[in-house]
Amino acid sequence: MAQHNTHEGEEAAPDDGTLFGAVPPQAARSHDAAAVTPSTGEAPYAMRISRLTVDKLGIKMYDRVSAVLAEVIANAYDADAENVKVSLPWGVFLAAKPGSAPVGPYEISITDDGHGMTAAEVNSNYLTVGSDRRKRFGKDSSRDKDRPVMGRKGIGKLAPFGICETVEVITAGGAKTDDGYEVAHLILSLNDILDDTDTVYHPTPGPLNGSWAAEHGTTIKLRDFRRKKVPTGQELHRQLSARFGIQRMDWNVELCNTEEMLIPESLHLGELEIDILDDTKMVLDDRCVETESGEKLPISGWLAYTRKPYKDEAMAGIRIFSRGKIVAQTRDFMIGSGFHGEYSIRSYLVGEIHAEWLDQNEDLIRSDRQDIIWSSEVGDALKRWGQAVIRELAKRGKTALAKQTWTDFEKASDLGTRLEEEAPGDKQYQESVKQAARLLVSDRDRESVSNPEHVEKIVQLAKTIGPHKTLLEALHEVSETSDSPLDIVLGLFHKARIAEMYSLGQVAAERIEVVNRLQALIENGSTLEQPLQELLEQAPWLLAPEWTPLGMNESLERVRKSFEVWYHKREGVSLVTSAINRHRREPDFVLLHDSGTLWIVEIKRMNYHLSDQEYLRAVNYLSDLDTFLNENPTLGQQFPIRKLTFIADHIDRLSSVSISSMHNDHRIAIRGWHELLDDTLRAHRDFLARVESVRSDTGAAPPEGADGVDGSGQSGPA
C-alpha cells in the first residue's frame, strides 16, 4: 500500500470555506484521532468541498477508466511505492443500461506498498484539494526515493468520482510501532458529498479504522459505478503504458483480471511496443527548444513512422511526457497543410518526447493533465520546434516509406510470379515492368496498395510502360522531381493515348465484351436502369469512343464526393452520382468524364418516355454543377466543359419548351438505346480491323468474342 496524494502537503488546510475544510483538533492527533470514534462518536475526518469542484474536477475531467487508474497509480509512484496491483474486470461495462438486467456488482481495487498515511495525513493531504504539493511541502521529489513527483494540482483524488459513487481508502503509514503501522480507513460517498455544499463533509470511518497493519501501504477501492466500459486487458495495458514514460528497477504495476477466476490473467505495465518502420527513427536527445526570449530548453526522445496506421489513440501520434507521466498527445503539433510527405506524417507518425521543464517552475499543464497550454511562450516554442522536426522527418522518411510501400505492393500483386508466368525467362521484360511499377507506387500511400483494384491498375499500367525504354526513363525522371508521378503519367497517357497504342489486344477484348453485354441488355427489351447505369459508368467510351481509361479517375472521384457534399449542404438533399457500389439507392444520375469534360448522364430503362419534370430536374443538376465548379476553381479548371446527356428511347411527352431548350443548348443531348448501340458499333469498326491486322501479323488469335459482335459474323467494335 502507499500514501496517496502526499504531494498535496503536510499541514492541515486553513478553514477558508473554499474546497476542503478545517480539520477538527482531535483529528490532528494521529494515533488518538482514529481511536476516539468508538468511544466518543466524534468524526475523525473532515472535508469541505463545493459541488462544482467535484463535478468539474472529478466527474467531468476523468470519465474513462484508464484515466482514473492513471491518477491513482501516479499517486502510488509519488508515495514511493515499488509494487502496485490493480484488480478489475476486463472488457465489461461496470453498470447496466437503464431498464436492462443488472450486472456485477463490480469492484476495482488498487493496492500499493508505498509509505501510506496516518489519520492526520489523510486530513492534511488526501482530504485537501487544489493545494500545490511542491510549494507546501517544500520540495518536488518524493519522501524516500527522491523521485520527481508527478502530482501537482492536488485534484487527482477526485478522479475516481468520474466513474463511480463510492471510494474506500485503507491506508497504513507513519512511524512503525510495536503493533505495526496505524490504519486509517474511510469511505467517501459522492451522493453525500454533493448533498450539501455549505457544510463540512465527514467521510464515514471504515471498520479497520484505528487498527494496525504489519506493512505500510494503501488500498483504494471503487464501487457503485456508472455505465463505463473497461477496456480489454491488452487495450488497458496499452493505454496505461502510453501514459507512463518511466522505466525503473523499483517500479512494477500489475493488472489483474477479476473476471477470470480459474486461470487468473495478469499483465505488467512496460514499455509501449510500437512497430516502427525501419530507417525512420529520429533520436532527439541532442535537440533543444528555444523560446522567443532566447531561453534554450533541453528535450529528449524520438520520432518515427510506424509500419501501419494505428487506430488506437494510445498508440498514434506523439506522446509528450514530463516527470514520467504523459501531459499531452499530438498528431502533428498543429502543423499546417501543404508540406512534402504530409499524408504519411498524419497517418504514420509516432513518437515519445520528454520535456521536464513543462512541469517545473511555471505550471504549463492543463488541469486534467491531458494537454499543455500551447498559448504560453514555452508552449508556442515547443509547437514551432515540433513542426520543424516533423518537416525534417517527412523528408528523411520518403525513401523508407517508398521501400515499404513497394514491399507491400509486391506482396499484394504477386508481381514476380505473374511476370514469370506471362514471360518465362524474359528477365529484361520482367525487370523493366518491375521498374515501372516501382516508380508508379513511389508516391502512393501504403493504404492504397491494400486496395486490389488500385493494385491491378498499377500492374497493368506498368506492363504498358515497361517495354518502352524512353518512356521508362522519362517516368524515372518525373519520379525524382514530382510528389505524384502516377498522376503526371496518367495525364500524359490521356493526351497521347499511349496505353491504347501498346495494349490494343487487351483493350479490344475488353471493349468487345462490353459491347456484347450492351447488345444483350438492349435486345432483352425489359432491362431496368441499374445494369445500364453500371455498364455506362464502367465503359464511358460507349458515349465517347475516343475516351481513354487512363485519364482522370481519381480526379473524377474527388469531384463526385465533393459535389455530393456541396449539394447536400446547399439543398439539404442527398445526391448519388455513381451506380457502382451504391446498391442501397439508385443514382440520381451518373457522373462521367472525358478530356476535361464532366458529363451528367441521365439513364432511363428501355422504352421509357422521358417527362418534362425529369428533363428540368436534370437541367438544374447541370446548372448546379456549373455553380459548384465555378466556386471551386481548382476542380473547375480540370473540367472546363460540362455536358448533359439523356439515354431514353422516347421524348414524345416533352413540352415544346423543353424540346426548344434542348435544341438551343449544344451541351444537352438525348439519345436512344438502339441509336447508342449503332453509333458504338460504327465508331469501333476501324479500331477492331486495326487490332485484327496487328494480330494477324504476329500470328496471334483474335480476342475472345470478337466474332459476331454486331450479329453479322463480322468483326464489330470493341
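A salt bridge is a side-chain nitrogen of Lys or Arg within 4 Å of a carboxyl oxygen of Asp or Glu. In the structure above, the side chains of aspartate 665 and arginine 667 meet in such a salt bridge, at 3.7 Å from N to O. This is a predicted model, in which local features need pLDDT of at least 70 and side-chain atom pairs count only at pLDDT 80 or more, while totals for chains, interfaces and linings use all residues. Residues are numbered from 1 along each chain as its sequence is written, and side-chain values use heavy atoms, with hydrogens and water left out.

By the rule for salt bridges, the count comes to 24. Glutamate 602 and lysine 604 form one of them, their closest N and O atoms being 3.6 Å apart. Here glutamate 602 counts as buried at 3% relative accessibility, and lysine 604 likewise counts as buried at 5%, where buried means under 20% relative accessible area, exposed over 50%, and partly exposed in between (1.4 Å probe, protein chains only). Of the 718 residues of the chain, 54% count as buried. Aspartate 665, by contrast, is partly exposed at 22%, and arginine 667 is partly exposed at 23%.

Salt bridges can also be linked, and Glu82, Lys145, Arg147, Arg248 and Asp250 form a network of them.

The chain has 23 helices and 19 strands, which are DSSP runs numbered from the N terminus (helices H or I, at least four residues; strands E, at least two). Where helix H10 packs against helix H13, Phe409, Ala412 and Ser413 in H10 meet Val455, Ile458 and Val459 in H13, contact meaning heavy atoms within 4.5 Å.
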